[in-house]
Structures are given as C-alpha cells and as structure tokens.
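Here's a quick briefing to read alongside the model. Have the sequence and the 3D view open as you go.

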Amino acid sequence: MHRICQHCENPPCVHVCPTGASYKREDGIVLIDYDLCIGCKYCMVACPYNARYFHPTRHTPDKCTFCAHRVDKGLKPACVEVCPTNARIFGDLDDPNSEVSKIVRSEKPSRLERSMERSRVYFT
C-alpha cells in the first residue's frame, strides 16, 4: 500500500521536531522547513503511517506535501490532477459542499488509521 502523509489533525511528527522544522499550516497541511531541519529523523520515527523517508541528496526527512505550492494557487495536488481513473479526490472535509465531504457521507468509507489520531484520508 502506498504510504503518503495523512496530514494528521494532531501530528506527532510536529511535536517531536526539536527545531520546529516540521509544522502544520492553518489549512491542515503538514510541511517541513528544510532550512530549519537538522536531519535528526525524529519525525520519521514519530510518524504512525511510516510516511516520511530520508531524502538522499538533501539529507533531511521528506514527505508528501499535498503539493502545497499548487494548493496555494487553487489547484489540485498533482497526483489528483493526473490520476487517469479519478481514484484520488482532494478537498476540505470541513466543507459539507466539497466533493470529498459528499463522498465520505454517502459511501460509508473506512478510515486508514494506525493510531488514535484522526486521519484525513479515507478509502471507499
């Protein structure tokens, strides 16, 4: 199973980061500030989804960012945009009118959950 960052509501990777390099934006996207990261890998150990990996040339942990640079421009993440079967859906779970909220309400999905954390990723 492909493991991407679940952008946890209460991300353990952020709490263990000694430099504040791992952080959560107001919109819920969890990111890494590579200028602050010292490569200690605490965030990799803390991630309940094993979604972080060590970048071989940058020498820091890395992860899915939901293409935050695209989201900031009102675009979908690249994986959602190019998925040929439309199997990936991106949106705001807190917006009852978003496509993802409607699917979660109607499809009775199961939540991918490896901790007591509220995961933001669902499968139908």
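Is Asp-72 buried or exposed? Asp-72 is exposed, with a relative accessible area of 53%; here buried means under 20% relative accessible area, exposed means over 50%, and partly exposed is in between, using a 1.4 Å probe and protein chains only. Before going on, some ground rules: this is a predicted model, where local features need pLDDT of at least 70 and side-chain atom pairs count only at pLDDT 80 or more, while totals for chains, interfaces and linings use all residues. Residues are numbered from 1 along each chain as its sequence is written, and side-chain values use heavy atoms, with hydrogens and water left out.

**Salt bridges**

- The structure holds 4 salt bridges, each being a side-chain nitrogen of Lys or Arg within 4 Å of a carboxyl oxygen of Asp or Glu.
- Asp-72 pairs with Arg-25 in one of them, at 2.8 Å from N to O.
- That pair links distant parts of the chain, 47 residues apart: Arg-25 sits in the loop between strand E1 (22–24) and strand E2 (30–32), and Asp-72 in the loop between helix H3 (68–71) and helix H4 (78–82). Helices (H or I, at least four residues) and strands (E, at least two) are DSSP runs, numbered from the N terminus.
- Arg-25 also forms a salt bridge with Asp-27, with the closest N and O atoms 2.5 Å apart.
- Put together, Arg-25, Asp-27 and Asp-72 are linked in a network of salt bridges.
- Elsewhere, the side chains of Arg-70 and Glu-81 meet in a salt bridge at 3.7 Å, N to O.
- Arg-70 lies in helix H3 and Glu-81 in helix H4, so this pair ties together parts that are 11 residues apart in sequence.
- Glu-81 is partly exposed, at 49% relative accessibility.

**Cysteines**

- How many disulfides does a search of the whole structure find? The search finds 0, with a disulfide taken as a pair of cysteine sulfur atoms within 2.5 Å.
- For Cys-40, the closest cysteine sulfur is in Cys-17, and at 6.1 Å that's too far for a bond.
- Cys-40 is partly exposed, with a relative accessible area of 32%.
- For Cys-47, the closest cysteine sulfur belongs to Cys-5, 6.4 Å away and again too far for a bond.
- Cys-47 is buried, at 11% relative accessible area.

**Nonpolar cores**

- The largest nonpolar core has 8 residues: Cys-5, Cys-8, Cys-13, Val-30, Cys-43, Cys-47, Tyr-49 and Ala-51. Such a core is a set of buried Ala, Val, Leu, Ile, Met, Phe, Trp, Tyr and Cys residues joined through side-chain atoms within 4.5 Å.
- A second, separate core of 6 residues includes Ile-4, Phe-66, Ala-68 and Val-71.
- Beyond its neighbours within four places in sequence, Ala-51 is in contact (heavy atoms within 4.5 Å) with Arg-3, Ile-4, Cys-5, Asp-62 and Lys-63.

**Around Glu-9**

- Glu-9 is in the segment before helix H1 (12–16), and counts as partly exposed at 42% relative accessibility.
- Glu-9 and Lys-24 are 15 residues apart along the chain, with 8.9 Å between their C-alpha atoms.
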